[in-house]
Amino acid sequence: MHSISGFYYVEAAGFVYECKAKGTFRKDRNAPLVGDRVLFEPDGHKGFIIKIEPRKNYLVRPPIANLDKLFIVASADRPKPNLYVIDKLTAFAVYHKIEPVIVFSKTDLADISSFADAYIRSGFSVLSCSAVNGEGMDRLSDAIANGINAFTGNSGVGKSSILNYLLPELSLETNEISDKLGRGKHTTRSVKLYRYRNGCIADTPGFSSIDFEENGERIMKEDLAACFPEFESYTSSCRFFPSCSHTVDKGCAVVKAVQDGFINPQRHQSYCRMYEEVKGFKHWN
Ligand code: GDP
Ligand code: ZN
(Lines give C-alpha, C1' and ligand atoms only; values in the text may rest on other atoms or scores of the structure.)
(Ligands and ions follow the chains in the order given, each with its own letter.)
Protein backbone atom coordinates (compact mmCIF):
# COMPACT_ATOMS: atom_id res chain seq x y z
CA MET A 1 0.00 0.00 0.00
CA HIS A 2 1.20 3.54 -0.60
CA SER A 3 -0.44 6.92 -0.11
CA ILE A 4 -0.79 10.23 -1.91
CA SER A 5 -2.54 13.17 -0.21
CA GLY A 6 -5.23 11.37 1.73
CA PHE A 7 -5.66 8.47 -0.73
CA TYR A 8 -4.13 5.08 -0.04
CA TYR A 9 -3.27 2.83 -2.95
CA VAL A 10 -3.90 -0.74 -1.88
CA GLU A 11 -2.74 -3.66 -3.99
CA ALA A 12 -4.79 -6.84 -3.84
CA ALA A 13 -4.71 -9.81 -6.24
CA GLY A 14 -2.90 -7.81 -8.89
CA PHE A 15 -5.22 -4.80 -8.79
CA VAL A 16 -4.68 -1.40 -7.20
CA TYR A 17 -7.58 0.19 -5.34
CA GLU A 18 -7.76 3.87 -4.51
CA CYS A 19 -8.90 3.83 -0.89
CA LYS A 20 -9.91 6.26 1.77
CA ALA A 21 -9.35 5.42 5.40
CA LYS A 22 -12.13 5.55 7.98
CA GLY A 23 -11.90 8.71 10.06
CA THR A 24 -11.33 6.71 13.25
CA PHE A 25 -7.75 5.95 12.18
CA ARG A 26 -6.94 9.63 12.22
CA LYS A 27 -8.54 10.03 15.64
CA ASP A 28 -6.44 7.14 16.96
CA ARG A 29 -3.37 8.88 15.51
CA ASN A 30 -2.92 5.60 13.72
CA ALA A 31 -3.30 6.42 10.04
CA PRO A 32 -2.33 3.76 7.51
CA LEU A 33 1.35 3.81 6.52
CA VAL A 34 3.11 2.76 3.36
CA GLY A 35 3.92 -0.94 3.84
CA ASP A 36 0.83 -1.66 5.94
CA ARG A 37 -1.24 -4.76 5.35
CA VAL A 38 -4.88 -3.71 5.51
CA LEU A 39 -8.41 -5.03 5.30
CA PHE A 40 -10.58 -2.96 2.99
CA GLU A 41 -14.06 -2.95 1.48
CA PRO A 42 -13.68 -2.69 -2.30
CA ASP A 43 -16.17 -0.64 -4.31
CA GLY A 44 -15.27 -0.86 -7.98
CA HIS A 45 -11.73 0.46 -8.31
CA LYS A 46 -12.06 2.32 -5.02
CA GLY A 47 -12.38 1.20 -1.45
CA PHE A 48 -12.46 1.91 2.25
CA ILE A 49 -9.74 0.74 4.61
CA ILE A 50 -11.36 -0.74 7.70
CA LYS A 51 -8.50 -2.41 9.55
CA ILE A 52 -4.72 -2.20 9.74
CA GLU A 53 -3.04 -5.51 10.53
CA PRO A 54 -0.56 -5.49 13.45
CA ARG A 55 2.82 -4.07 12.39
CA LYS A 56 6.17 -5.77 12.70
CA ASN A 57 7.73 -2.30 12.97
CA TYR A 58 7.17 1.24 11.77
CA LEU A 59 9.19 4.36 11.30
CA VAL A 60 8.09 7.96 11.67
CA ARG A 61 10.73 9.36 9.34
CA PRO A 62 10.33 8.18 6.69
CA PRO A 63 6.75 7.03 7.37
CA ILE A 64 6.78 3.33 6.51
CA ALA A 65 5.64 0.09 8.17
CA ASN A 66 6.73 -3.56 8.09
CA LEU A 67 10.21 -3.07 6.71
CA ASP A 68 12.06 -6.38 6.42
CA LYS A 69 15.51 -5.20 5.34
CA LEU A 70 17.33 -1.91 5.41
CA PHE A 71 20.13 -1.66 2.83
CA ILE A 72 22.70 0.74 4.21
CA VAL A 73 24.68 2.08 1.29
CA ALA A 74 28.18 3.52 1.65
CA SER A 75 30.44 4.19 -1.31
CA ALA A 76 33.96 2.82 -1.68
CA ASP A 77 35.03 6.34 -2.63
CA ARG A 78 33.57 9.75 -3.57
CA PRO A 79 32.49 10.05 -0.81
CA LYS A 80 34.61 7.74 1.38
CA PRO A 81 32.56 5.52 3.73
CA ASN A 82 31.40 7.29 6.87
CA LEU A 83 31.65 4.46 9.38
CA TYR A 84 29.80 6.33 12.10
CA VAL A 85 26.81 6.75 9.79
CA ILE A 86 26.89 3.01 8.99
CA ASP A 87 27.10 2.13 12.70
CA LYS A 88 24.22 4.44 13.59
CA LEU A 89 22.04 3.05 10.84
CA THR A 90 22.76 -0.59 11.71
CA ALA A 91 21.94 0.14 15.38
CA PHE A 92 18.76 1.88 14.32
CA ALA A 93 17.72 -1.08 12.12
CA VAL A 94 18.45 -3.66 14.83
CA TYR A 95 16.47 -1.58 17.32
CA HIS A 96 13.45 -1.56 15.00
CA LYS A 97 13.74 -5.29 14.21
CA ILE A 98 14.74 -4.57 10.62
CA GLU A 99 17.57 -6.69 9.18
CA PRO A 100 20.45 -4.39 8.21
CA VAL A 101 22.43 -5.20 5.07
CA ILE A 102 25.51 -3.09 4.42
CA VAL A 103 26.14 -2.35 0.75
CA PHE A 104 29.47 -0.92 -0.38
CA SER A 105 28.83 0.79 -3.70
CA LYS A 106 31.09 2.19 -6.43
CA THR A 107 33.45 -0.81 -6.20
CA ASP A 108 34.85 0.31 -9.57
CA LEU A 109 36.52 3.21 -7.72
CA ALA A 110 38.28 1.60 -4.74
CA ASP A 111 38.85 -1.62 -2.82
CA ILE A 112 36.37 -2.13 0.02
CA SER A 113 37.67 -5.40 1.50
CA SER A 114 39.05 -3.91 4.74
CA PHE A 115 35.74 -2.18 5.51
CA ALA A 116 33.71 -5.19 4.44
CA ASP A 117 35.77 -7.64 6.53
CA ALA A 118 35.29 -5.60 9.70
CA TYR A 119 31.50 -5.63 9.30
CA ILE A 120 31.38 -9.30 8.31
CA ARG A 121 33.36 -10.12 11.48
CA SER A 122 30.86 -8.07 13.49
CA GLY A 123 28.16 -10.40 12.18
CA PHE A 124 26.49 -8.28 9.49
CA SER A 125 25.45 -9.19 5.97
CA VAL A 126 27.68 -7.24 3.60
CA LEU A 127 27.29 -6.84 -0.16
CA SER A 128 29.17 -4.76 -2.68
CA CYS A 129 28.26 -3.45 -6.09
CA SER A 130 28.97 -1.01 -8.86
CA ALA A 131 26.29 0.67 -10.92
CA VAL A 132 28.96 1.44 -13.52
CA ASN A 133 30.16 -2.08 -14.34
CA GLY A 134 27.31 -4.10 -12.80
CA GLU A 135 29.59 -5.97 -10.40
CA GLY A 136 27.67 -7.51 -7.45
CA MET A 137 24.24 -6.55 -8.81
CA ASP A 138 23.04 -10.18 -9.08
CA ARG A 139 23.62 -10.81 -5.38
CA LEU A 140 22.02 -7.51 -4.47
CA SER A 141 19.04 -8.37 -6.66
CA ASP A 142 18.64 -11.73 -4.87
CA ALA A 143 18.83 -10.00 -1.48
CA ILE A 144 15.85 -7.78 -2.33
CA ALA A 145 13.81 -10.44 -4.11
CA ASN A 146 11.45 -10.82 -1.16
CA GLY A 147 9.80 -8.72 1.52
CA ILE A 148 9.77 -4.96 1.96
CA ASN A 149 13.18 -3.39 1.43
CA ALA A 150 14.47 0.15 1.75
CA PHE A 151 17.75 1.81 0.87
CA THR A 152 19.42 4.41 3.00
CA GLY A 153 22.81 6.10 3.25
CA ASN A 154 24.26 9.55 2.81
CA SER A 155 23.44 11.61 -0.21
CA GLY A 156 25.73 10.87 -3.16
CA VAL A 157 26.63 7.27 -2.22
CA GLY A 158 24.78 5.92 -5.26
CA LYS A 159 21.34 4.84 -4.00
CA SER A 160 19.44 6.22 -7.00
CA SER A 161 21.97 4.70 -9.38
CA ILE A 162 21.50 1.26 -7.77
CA LEU A 163 17.71 1.53 -7.90
CA ASN A 164 17.85 2.66 -11.53
CA TYR A 165 20.13 -0.25 -12.36
CA LEU A 166 17.76 -2.77 -10.79
CA LEU A 167 14.52 -1.06 -11.85
CA PRO A 168 15.30 0.81 -15.07
CA GLU A 169 11.62 1.83 -15.37
CA LEU A 170 12.05 3.92 -12.21
CA SER A 171 14.43 6.42 -13.83
CA LEU A 172 15.15 8.29 -10.61
CA GLU A 173 17.06 11.49 -10.83
CA THR A 174 20.67 10.90 -9.89
CA ASN A 175 22.62 13.66 -8.28
CA GLU A 176 25.86 14.77 -9.76
CA ILE A 177 28.32 15.10 -6.93
CA SER A 178 29.43 18.58 -6.12
CA ASP A 179 33.22 18.29 -6.15
CA LYS A 180 33.57 21.04 -3.61
CA LEU A 181 31.53 19.27 -0.95
CA GLY A 182 32.31 15.72 -1.98
CA ARG A 183 28.65 14.80 -1.55
CA GLY A 184 25.46 15.04 -3.54
CA LYS A 185 22.56 17.43 -3.36
CA HIS A 186 19.44 16.63 -1.40
CA THR A 187 16.09 15.88 -3.01
CA THR A 188 12.78 15.09 -1.29
CA ARG A 189 9.78 13.22 -2.64
CA SER A 190 7.09 11.08 -1.01
CA VAL A 191 7.66 7.45 -0.07
CA LYS A 192 6.50 4.88 -2.58
CA LEU A 193 6.78 1.10 -2.86
CA TYR A 194 7.81 -0.52 -6.12
CA ARG A 195 7.32 -4.19 -6.93
CA TYR A 196 10.59 -6.02 -7.41
CA ARG A 197 10.53 -9.77 -8.15
CA ASN A 198 8.56 -11.22 -5.19
CA GLY A 199 9.19 -8.24 -2.95
CA CYS A 200 9.02 -4.46 -2.83
CA ILE A 201 11.51 -1.66 -2.77
CA ALA A 202 10.64 1.54 -0.95
CA ASP A 203 11.79 4.73 -2.52
CA THR A 204 12.52 6.70 0.63
CA PRO A 205 13.93 10.07 -0.31
CA GLY A 206 15.24 12.17 2.53
CA PHE A 207 15.91 9.04 4.58
CA SER A 208 19.64 9.55 4.52
CA SER A 209 20.15 10.74 8.06
CA ILE A 210 18.47 9.14 11.01
CA ASP A 211 17.64 11.49 13.80
CA PHE A 212 16.98 9.57 17.00
CA GLU A 213 15.13 12.54 18.50
CA GLU A 214 12.79 12.79 15.52
CA ASN A 215 12.09 9.13 15.05
CA GLY A 216 9.24 8.84 17.54
CA GLU A 217 10.64 5.97 19.51
CA ARG A 218 14.03 6.91 20.91
CA ILE A 219 16.80 4.46 21.64
CA MET A 220 17.43 4.70 25.37
CA LYS A 221 20.95 4.27 26.69
CA GLU A 222 19.99 0.95 28.36
CA ASP A 223 18.88 -0.42 24.98
CA LEU A 224 21.88 0.71 22.96
CA ALA A 225 24.25 -2.22 23.65
CA ALA A 226 21.64 -4.66 22.30
CA CYS A 227 21.78 -2.72 19.01
CA PHE A 228 25.41 -3.85 18.61
CA PRO A 229 24.90 -7.60 18.05
CA GLU A 230 28.60 -8.46 18.50
CA PHE A 231 28.47 -7.16 22.12
CA GLU A 232 25.82 -9.70 23.07
CA SER A 233 28.03 -12.48 24.38
CA TYR A 234 29.89 -10.04 26.66
CA THR A 235 27.30 -7.65 28.10
CA SER A 236 26.00 -9.99 30.80
CA SER A 237 29.48 -10.77 32.17
CA CYS A 238 30.21 -7.14 33.09
CA ARG A 239 31.04 -6.51 36.70
CA PHE A 240 28.28 -3.90 36.89
CA PHE A 241 25.66 -5.88 34.93
CA PRO A 242 22.95 -4.81 34.22
CA SER A 243 23.82 -1.17 34.78
CA CYS A 244 27.19 -1.04 32.99
CA SER A 245 27.44 1.58 30.25
CA HIS A 246 30.09 -0.55 28.47
CA THR A 247 32.01 2.63 27.70
CA VAL A 248 34.75 2.64 30.35
CA ASP A 249 37.35 0.27 31.75
CA LYS A 250 36.75 -1.01 35.29
CA GLY A 251 35.66 -4.62 34.88
CA CYS A 252 33.58 -4.12 31.75
CA ALA A 253 33.58 -7.32 29.69
CA VAL A 254 32.78 -5.40 26.49
CA VAL A 255 35.74 -3.04 26.95
CA LYS A 256 37.93 -6.06 27.68
CA ALA A 257 36.72 -7.79 24.50
CA VAL A 258 37.73 -4.65 22.57
CA GLN A 259 41.18 -4.70 24.21
CA ASP A 260 41.57 -8.43 23.49
CA GLY A 261 40.66 -7.93 19.82
CA PHE A 262 37.27 -9.69 19.85
CA ILE A 263 35.26 -6.54 19.22
CA ASN A 264 36.25 -4.05 16.53
CA PRO A 265 37.55 -0.87 18.29
CA GLN A 266 35.98 1.42 15.70
CA ARG A 267 32.56 -0.18 16.32
CA HIS A 268 33.02 0.35 20.05
CA GLN A 269 34.01 3.98 19.45
CA SER A 270 30.79 4.47 17.50
CA TYR A 271 28.89 2.88 20.38
CA CYS A 272 30.49 5.30 22.88
CA ARG A 273 29.72 8.26 20.63
CA MET A 274 26.09 7.18 20.29
CA TYR A 275 25.92 6.57 24.03
CA GLU A 276 26.94 10.20 24.60
CA GLU A 277 24.18 11.28 22.21
CA VAL A 278 21.39 9.25 23.79
CA LYS A 279 22.33 9.34 27.47
CA GLY A 280 20.39 12.55 28.06
CA PHE A 281 17.15 11.06 26.64
CA LYS A 282 14.47 10.69 29.30
CA HIS A 283 11.75 8.03 29.34
CA TRP A 284 8.35 9.51 28.50
CA ASN A 285 6.92 11.23 31.52
P1 GDP B 1 22.32 9.04 -4.18
O2 GDP B 1 22.33 10.47 -3.74
O3 GDP B 1 22.73 8.13 -3.05
O4 GDP B 1 21.02 8.61 -4.79
O5 GDP B 1 23.49 8.88 -5.28
P6 GDP B 1 23.37 8.91 -6.88
O7 GDP B 1 22.84 7.60 -7.39
O8 GDP B 1 22.64 10.13 -7.28
O9 GDP B 1 24.90 8.97 -7.29
C10 GDP B 1 25.75 10.05 -6.93
C11 GDP B 1 26.91 10.15 -7.90
O12 GDP B 1 27.69 8.96 -7.87
C13 GDP B 1 26.48 10.32 -9.35
O14 GDP B 1 27.37 11.22 -9.96
C15 GDP B 1 26.63 8.93 -9.94
O16 GDP B 1 26.90 8.97 -11.32
C17 GDP B 1 27.82 8.40 -9.16
N18 GDP B 1 27.75 6.93 -9.04
C19 GDP B 1 26.71 6.19 -8.63
N20 GDP B 1 27.00 4.88 -8.62
C21 GDP B 1 28.27 4.77 -9.04
C22 GDP B 1 29.18 3.67 -9.23
O23 GDP B 1 28.85 2.49 -9.02
N24 GDP B 1 30.45 3.97 -9.65
C25 GDP B 1 30.85 5.24 -9.87
N26 GDP B 1 32.11 5.44 -10.28
N27 GDP B 1 30.05 6.31 -9.71
C28 GDP B 1 28.77 6.08 -9.30
ZN1 ZN C 1 30.21 -3.30 30.51
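**Rings, a patch and a strand**

The charged end of Arg273 sits over the ring of Tyr84, at 3.7 Å from the ring's centre. Keep in mind that this is a predicted model.

**Charge over a ring**

- Besides the Arg273 and Tyr84 contact, there's Arg55, which lies over the face of Tyr58. Here the distance to the ring centre is 5.5 Å.

**Aromatic pairs**

- How many aromatic pairs turn up when the whole structure is searched? The count comes to nine.
- Take Phe71 and Phe151: their ring centres are 5.0 Å apart and their planes meet at 15 degrees, so this pair is stacked, given that the cut-off is under 30 degrees.
- Phe71 belongs to strand β8 (residues 69-75) and Phe151 to strand β11 (residues 146-152), so the pair ties together parts that are 80 residues apart in sequence.
- Both Phe71 and Phe151 are buried.
- Phe228 and Phe231 have ring centres 5.1 Å apart and planes at 25 degrees, so they count as stacked too.
- Are Phe228 and Phe231 buried or exposed? Phe228 is buried because its relative accessible area is 1%, and buried means under 20%. Phe231 is buried as well, at 0% relative accessibility.
- Ring pairs also link up a cluster, made of Phe104, Phe115, Tyr119 and Phe124.

**Out on the surface**

- Which residues form the nonpolar patch on the surface? They're Leu39, Phe48 and Ile50, and together they have about 250 Å² of accessible area.
- Leu39 is found in strand β4 (residues 38-43).
- With a relative accessible area of 42%, Leu39 falls between the 20% and 50% cut-offs, so it is partly exposed.

**Strand β8**

- Back to the strand that holds Phe71: β8 is mostly covered, with seven of its seven residues buried.
- Side chains go two ways here. Lys69, Phe71, Val73 and Ser75 point one way from β8, while Leu70, Ile72 and Ala74 point the other way. Residues on both sides are buried, all of them.
- What does β8 pair with? Its partner is strand β9 (residues 99-105), in the parallel sense, over seven bridges.
- For one of the residues involved, look at Leu70: its bridge partner in β9 is Pro100.

Key. Residues are numbered from 1 along each chain as its sequence is written. Chains are lettered from A and ligands numbered from 1 in the order in which they are written. This is a predicted model: local features need pLDDT of at least 70, side-chain atom pairs count only at pLDDT 80 or more; totals for chains, interfaces and linings use all residues. Side-chain values use heavy atoms; hydrogens and water are left out. Rings of Phe, Tyr and Trp (its six-membered ring) pair if their centres lie within 6.5 Å; planes under 30 degrees apart count as stacked, over 60 as edge-to-face and the rest as tilted. Helices (H or I, at least four residues) and strands (E, at least two) are DSSP runs, numbered from the N terminus. Buried means under 20% relative accessible area, exposed over 50%, partly exposed in between (1.4 Å probe, protein chains only). A charge sits over a ring if NZ of Lys or CZ of Arg is within 6 Å of the ring centre and within 35 degrees of the ring normal. Patches are made of residues with over 30% relative accessible area and no salt bridge: like charges are joined within 9 Å, nonpolar side chains (Val, Leu, Ile, Met, Phe, Trp, Tyr) within 5 Å. Accessible areas come from the Shrake-Rupley method with a 1.4 Å probe; for residues, only the protein chains shown count as cover. A salt bridge is a side-chain nitrogen of Lys or Arg within 4 Å of a carboxyl oxygen of Asp or Glu. Two strands pair if DSSP finds at least two bridges between them.
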